[in-house]
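I opened this notebook to record what I looked up in one protein model. The entries follow the order in which I examined it.

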Amino acid sequence: MIKMFVMQTCPYCEYVEKQVEGNPNFEVIDIGKHVRNLKQFLDLRESNPAFDEARKTGDVGIPCYVLEDGTVTLSSKDVGLEPMPDEPEGASCRLDGSGC
């Protein structure tokens, strides 16, 4: 099962989340619904090199996908989903509120 970290207020997340509705191969984890989810995501974000560029540019790093083998990617295409039209590859909301 692919873990998909999202947040309800992120338009990129909303777009890809609709694509996995009812798909048992994805576990959607909304980091805004419970502090436990946020902690799980922050631990991943702070320790995984897949987030290096996101941290440098101030991006949150969602949507984020954790594959069954533990591989982490910020690319929707890597998990067979279509990114939001006109979305740069790996785009995500920024910590300063822009980009969403």
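Entry 1. Which residues does L81 touch, not counting residues up to four places away in sequence? I worked with a predicted model, and in it I found L81 touching M4, V16, Q19, V20, F26, Y65 and S76.

Entry 2. I then looked up the nonpolar core. The largest one has 25 residues, and L81 is among those that touch the most other members, together with M4, F5, F41, I62 and C64. I listed the elements that give two or more residues to this core: β1 (2-6), α1 (11-19), β2 (26-30), α2 (35-47) and β3 (64-66). Of these, β1 gives the most, with 4 residues. I noted the general background that nonpolar side chains tend to be buried together in soluble globular proteins.

Entry 3. I turned to the overall arrangement. I counted 3 helices and 4 strands, and along the sequence they follow the pattern β-α-β-α-α-β-β. The protein has 100 residues, of which 41% count as buried.

Entry 4. I examined the charged pairs and found 4 salt bridges in the structure. In general, side chains of opposite charge can pair when their charged atoms come close.

K18 forms a salt bridge with E14, and the closest N and O atoms are 4.0 Å apart. Both residues lie in helix α1, 4 residues apart, which is about one turn of the helix. Is K18 buried or exposed? K18 counts as exposed because its relative accessibility is 54%, over the 50% cut-off. E14, at 42%, counts as partly exposed.

K39 and D43 meet through their side chains in a salt bridge, at 3.0 Å from N to O. They are 4 residues apart in helix α2, so about one helical turn separates them. I recorded D43 as partly exposed, with a relative accessible area of 40%.

D52 and R55 meet in a salt bridge at 2.4 Å, N to O. Both belong to helix α3 (residues 52-57) and are 3 residues apart, about one turn of the helix. I noted D52 as partly exposed at 35% relative accessibility, and R55 as partly exposed with a relative accessible area of 29%.

Entry 5. Where does N23 lie? I located N23 in the loop between α1 and β2. Its relative accessibility is 25%, so N23 counts as partly exposed; the cut-off for buried is under 20%. What does the side chain of N23 reach? I found that the side chain reaches the backbone nitrogen of N25 at 2.8 Å. I also looked up N23 against M1: they are 22 residues apart along the chain, and their C-alpha atoms are separated by 9.9 Å.

Conventions
Residues are numbered from 1 along each chain as its sequence is written. This is a predicted model: local features need pLDDT of at least 70, side-chain atom pairs count only at pLDDT 80 or more; totals for chains, interfaces and linings use all residues. Side-chain values use heavy atoms; hydrogens and water are left out. Buried means under 20% relative accessible area, exposed over 50%, partly exposed in between (1.4 Å probe, protein chains only). A nonpolar core is a set of buried Ala, Val, Leu, Ile, Met, Phe, Trp, Tyr and Cys residues joined through side-chain atoms within 4.5 Å. Contact means heavy atoms within 4.5 Å. A polar contact is a pair of N or O atoms within 3.5 Å; within protein, one must be able to donate a hydrogen and the other to accept it, and residues adjacent in sequence count only if both atoms are side-chain atoms.
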